[in-house]
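Subject: Handing over the structure

Hi,

Here is the structure I promised to pass on. Have a look at it first, and then read my notes below.

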Amino acid sequence: AAALSLSEGRSLLPPQSAGVASFMILLTLSGNIMGDVSYFRAIQLIGMSRGITIASSYPIIVTLVSTLWMGEPLTLPVVMAPLLIVGGLVLLRREPGGAGGGDRPSNPAGFLWALVAAFGWASMMLMQKWLITEKQIQPVTVTLWRSYSLFIICWTYWISSRLATGQNPAAIFRMGRSAWG
């Protein structure tokens with residue numbers, strides 16, 4: 001993202017206000033942290049095919065909120081597409097081959113985790129759209145600063161977890177080559 005921005009003469013400066021910077025951190029937390037972590041938990045509980053299908057229902061949320069919040073037009077195709085997604089979710093909520101050969105519900109916790117992932121990803125998409133359209137921030141700049149935010153959040157979490165367990169985070173620099181695979 002940085003190379004692309006520089007090659008196109010775009011600014012790589014950080015957000016010019018604390019509000020925009022906070023918004024970028026919030027979109028990182030909602031999409032990359034809440035969305036992805038919830039998705040990983042969902043696939044542990046209900047498998048990859050169900051998890052990704054349910055989590056990928058985030059366009060339903062994006063459609064509703066973008067219409068209400070951002071004033072985007074609601075056309076027949078825009079209404080029909082989420083309805084088809086809902087129909088698919090109803091089908092996925094049932095798992096064939098239960099006791100007695102009938103249908104039985106799939107793991108409700110896995111289904112819920114996948115919906116939390118969808119909500120996180122939808123929130124991220126909506127916030128990115130707002131930054132790009134309302135704050136006139138280039139998409140590549142949003143992606144770059146979202147990446148920086150994720151890097152800082154992950155390393156802060158890792159260092160904090162090491163300190164909380166009495167380990168020295170600086171020990172990572174004293175590891176031999178064999179520790180890195």
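Leaving out residues up to four places away in sequence, Leu-131 touches Val-20, Phe-23, Met-24, Leu-27, Gln-136, Ile-137 and Val-142, where a contact means heavy atoms within 4.5 Å. Leu-131 is found in helix H6 and counts as buried, at 0% relative accessibility. On that scale, buried means under 20% relative accessible area, exposed means over 50%, and partly exposed is in between, with a 1.4 Å probe and protein chains only. Val-142 sits 11 residues from Leu-131 along the chain, and their C-alpha atoms are separated by 7.7 Å.

Before you go further, some ground rules. This is a predicted model, so to speak of local features we need pLDDT of at least 70, and side-chain atom pairs count only at pLDDT 80 or more, while totals for chains, interfaces and linings use all residues. Residues are numbered from 1 along each chain as its sequence is written, and side-chain values use heavy atoms, with hydrogens and water left out.

Now the overall picture. The protein chain has 7 helices and 2 strands, and along the sequence they follow the pattern α-α-α-α-α-β-β-α-α. Helices (H or I, at least four residues) and strands (E, at least two) are DSSP runs, numbered from the N terminus. Of the 181 residues in the protein chain, 28% are buried. If you take the contacts between residues at least 6 apart in sequence, 71% of them join residues at least 24 apart. The accessible surface of the protein chain is about 11,200 Å², and 68% of that belongs to carbon and sulfur atoms; the areas come from the Shrake-Rupley method with a 1.4 Å probe, and for residues only the protein chains shown count as cover.

Which residues form the salt bridge? The structure holds 1 salt bridge, and it pairs Lys-129 with Glu-72, with the closest N and O atoms 3.5 Å apart. Lys-129 lies in helix H6 (residues 108-133) and Glu-72 in the loop between helix H4 (58-69) and helix H5 (76-92), so the pair ties together parts that are 57 residues apart in sequence. The term stands for a side-chain nitrogen of Lys or Arg within 4 Å of a carboxyl oxygen of Asp or Glu. Both partners are partly exposed: Lys-129 has 34% relative accessibility, and Glu-72 has 30%.

Helix H4 is worth a look as well. Ser-66 is found in H4 and is buried, with a relative accessible area of 7%. Its side chain reaches the backbone oxygen of Val-62 at 2.7 Å. That is a polar contact (a pair of N or O atoms within 3.5 Å; within protein, one must be able to donate a hydrogen and the other to accept it, and residues adjacent in sequence count only if both atoms are side-chain atoms). Beyond four places in sequence, Ser-66 touches Gly-71, Glu-72 and Leu-126.

A polar atom of the Thr-63 side chain lies 2.7 Å from the backbone oxygen of Pro-59. With neighbours within four places set aside, Thr-63 is in contact with Leu-74, Val-78 and Pro-82, and Val-62 with Ala-122, Met-125 and Leu-126. Val-62 and Trp-121 are 59 residues apart in sequence, yet their C-alpha atoms are 9.2 Å apart.

Next, two other helices. H2 (residues 18-46) has 29 residues and reaches 40 Å from its first C-alpha to its last, close to the 42 Å expected; the expected span is 1.5 Å times one less than the number of residues. H2 also has a kink of about 25 degrees centred on Leu-29, the bend being the angle between axes fitted to the seven residues ending there and the seven starting there. Just after H2, Gly-47 takes a positive phi of about 90 degrees.

H7 (residues 139-164) has end C-alpha atoms 37 Å apart, which agrees with the 38 Å its 26 residues should span. Among the buried residues in H7 are Val-142, Leu-144 and Trp-145. Gly-166 follows H7, with a positive phi near 80 degrees.

Finally, look at the loop between H6 and H7, where Gln-136 sits. Gln-136 is exposed, with a relative accessible area of 61%, and has a positive phi of about 55 degrees although it is not a glycine.

Cheers
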